Amino acid sequence: MWTFLHKLGSPRHFYRISGRLLPWLTWITVLLMAAGLYGGLVGAPPDYQQGESYRIIFIHVPSAWMSLFVYMVMAAAGAVGLIWHIKLADVMAAASAPLGASFTFLALVTGSLWGKPMWGTYWVWDARLTSELVLLFLYFGVMGLHAAIDDKRTASRAAAVLALVGAVNIPIIHYSVEWWSTLHQGPTVTKIDAPSIHLSMLVPLLTMALAFKLYYVTVLLMRARSEVLERERASAWVQELARGT
Amino acid sequence: MTQAHEAPAQRPAPESLLAAAGLTCFRGDRLLFRDLSLSVNAGQALEVRGPNGCGKTTLLRILCGLTLPEDGTIRWRGRVLRSHDPDYLRELRYIGHSDGVKLALSPRENLAIAVALDSGADEAELEAALACLDLADFMDVPCRTLSAGQRRRVGLARLTLGGARLWLLDEPFTALDRSGIEAVRALIEAHLDGDGCAVLTSHQPINLDAGRSASIDLAS
Amino acid sequence: MTSHGLGHAFLSLLRRDLLLAVRNRGELVNPLLFYVIVATLFPLGVTSDPETLATMAAGVLWIAALLATLLSLDSLFRSDFDDGSLELIMLSPYPSTLLVLAKVVAHWMVTGLPLLLATPLLAVLMAVPDDARATLWLTLALGTPVLSLVGAIGVALTVGLRRGGALLSLLVLPLYVPVLIFGANAVAASAAGLPVTGQLYMLSALLVLALSLAPVAAAAALRISID
């Protein structure tokens, strides 16, 4: 058991195993994404209130879910790297940050695009969008800290501390922003109420959520592989790979 | 490659105080040293030799816990050290490249702070430590007005306070004049006489008694 | 050899930082001046109409305090990092968490406290209604320590960087959002005659959380920065 876990944490074994998994993961992701998009864009009926324009939730909501999920994964990986000095955890945290930021950005853009037909304007300061914006800044902070420190291992440790501080703060920020937005009686329709959503819309939504998760894992593995190659470039196995053996 | 030349112990059963094994360290991409081992006994000084950039400072920083090594363990009195071990830190004095001296404060005030953080000592002991290093006439002027060598002496003054057994000295003679070097050498000798131990680096010859110093060379 | 213990170490470090601040008196007043100037820019840039000023006052004063604290944060660890004193502090056998707390307390006394003292004056300039002034002062009294504590984490992470200043703002300002929301809103609510106990409780909770966790994070970050 311990040897298995130890192997899992070794960058070299990770590189090999992920190389084998990646083609499968890519195909499953593509298929799920296609199924979800078809179900959401074609299969589901138009909303009785918003017509066709509501369909952007099939991208917006999974992105928002992923933006939070990836941050928590990044903070957890950072904690593992910080406490147990496992290099692969540092790699995962570093590779996750831009992915999470992209999901957050996507959530913001789709939320804003949805706003135009809904409220007539591209931006409103409602709780959800404002929280996402602050989350984007938190991601930028982690990415900025990573980039500012030359030594990768020190950079990962510092970014891990920051990610953990951010993770503690996220619930506080969410709550305070939500409280603040209720004072202004703004529209809160970016929130999907679970009981009132119809099954024909729920299924594509959950499919897309799963597809996004798999997309994250697939792209994470790809980024982690190149991150591993860069960090371990001085080691023997990477030199061999580079030489083409 | 590292080579340890250990001189035969002069007194019966020397107590092995500091022992490190398997130390590996990278600085960015560069491997500084791999699988380095060393051992220091009571009453012994270990001199770390090597050209610029070979990792002497990094080794000292690893020994006091400021820098994390890639791999390896350090033992103090036989006990494996975890990070920030208060008992170890209490017995340790580290002199790095920087003096650790606040320019707006006087030598007495600087020393009082250093001592409060490390252990405790009273007024008379502070004054004695400063006098030992020829700072008796400068105890209460701001360090801003002192020369680089004098500031170095202020930083070194805390070595003798608090009864630390291990001295980690990185280029202690920097900026000192001949009398300063002699004074510090005398302090080190007295420390070793009192069963303390030291690890030091220096570009100048240290010239301690042959029986009590060993050396390792980091040149690879 | 007399051994004085943790309390002595804490107080000595606190006293040292205060002494250093007093001896570098010229720099003491900068964050305070910044606070006052930024607050006066708003009537100049927006409107001097007392009614409109009164509605913005809470937010403006809070943001000015926030930015003034941010400006002053660099001095928290910079000089110690540069002259090697920070290593002495981290090599102390006493818990670095508490030593870092001593430094942050000193920093707040030197930057946050003057802001508090200047606030009544600025409340008059910004036409804050009488009943809201006490609330303004109270929210700043609770909030500025949080700003110093959370800011200390950011400075601890960036002290080793060459140009850490801009990055520091990016790291710290999102973390300041909850304090700003509750603090500014409490003043606005108080001006409208609404109860503010909820907001004050939240600010107190944030203060307690920051007091317990921020020094731990800052000490860990310092250890990483001096590696």
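Student: How many helices and strands does chain C have?
Tutor: Chain C has 10 helices and zero strands, where helices (H or I, at least four residues) and strands (E, at least two) are DSSP runs numbered from the N terminus. This is a predicted model, in which local features need pLDDT of at least 70 and side-chain atom pairs count only at pLDDT 80 or more, while totals for chains, interfaces and linings use all residues. Residues are numbered from 1 along each chain as its sequence is written, and chains are lettered from A and ligands numbered from 1 in the order in which they are written.

Student: What is the radius of gyration of chain C?
Tutor: The radius of gyration, taken over C-alpha atoms, is 18 Å for chain C, close to the 17 Å that the globule rule gives for 227 residues, so chain C is as compact as a globular protein of that length. That rule is 2.2 Å times the number of residues to the power 0.38. The C-alpha trace of chain C spans about 65 × 35 × 30 Å along its principal axes.

Student: And how much of chain C is buried?
Tutor: Buried residues make up 52% of the 227 residues. A residue is buried if 20 or more other C-beta atoms lie within 10 Å of its own, exposed if 12 or fewer, and partly exposed in between, with C-beta atoms placed from the backbone.

Student: Where in chain C is confidence lowest, and where highest?
Tutor: Using pLDDT, the predictor's confidence in each residue from 0 to 100, helix α2 (residues 25–28) of chain C is lowest at a mean of 79, and helix α10 (residues 197–225) of chain C is highest at 95. The mean pLDDT of chain C is 91, and 98% of its residues reach 70 or more. The model scores ipTM 0.91 and pTM 0.90.

Student: Switching to the partner chain: how many residues of chain C are in contact with chain B?
Tutor: 25 residues of chain C are in contact with 27 residues of chain B; contact means C-beta atoms, placed from the backbone, within 7 Å. On the chain C side, α1(C) gives the largest share, seven residues. That side divides into 11 nonpolar, nine polar and five charged residues. Here Ala, Val, Leu, Ile, Met, Phe, Trp, Tyr, Cys and Pro count as nonpolar, Asp, Glu, Lys and Arg as charged, and the others, Gly among them, as polar.

Student: How is chain B itself divided?
Tutor: Chain B has domain 1 (1–91 + 169–220) and domain 2 (100–164), with bounds from an automatic or database domain assignment. Their C-alpha centres lie 24 Å apart. 12 residues of domain 1 of chain B are in contact with 12 residues of domain 2 of chain B, and helix α6 (residues 178–193) of chain B gives five residues, the largest share of the domain 1 side.

Student: Why is α1(B) described as largely enclosed?
Tutor: Eight of the nine residues of α1(B) (residues 56–64) are buried, so this helix is largely enclosed by the rest of the structure. Among them are Lys56(B) and Arg61(B). Just after α1(B), Gly65(B) takes a positive phi of about 95 degrees.

Student: Last one: is Thr154(A) buried or partly exposed?
Tutor: Thr154(A) is partly exposed, with 16 other C-beta atoms within 10 Å. This residue is found in helix α6 (residues 152–182) of chain A. Not counting residues up to four places away in sequence, Thr154(A) touches Ile149(A), Ile224(C) and Asp227(C).

Definitions and conventions:
Two residues are in contact if their C-beta atoms, placed from the backbone, lie within 7 Å.
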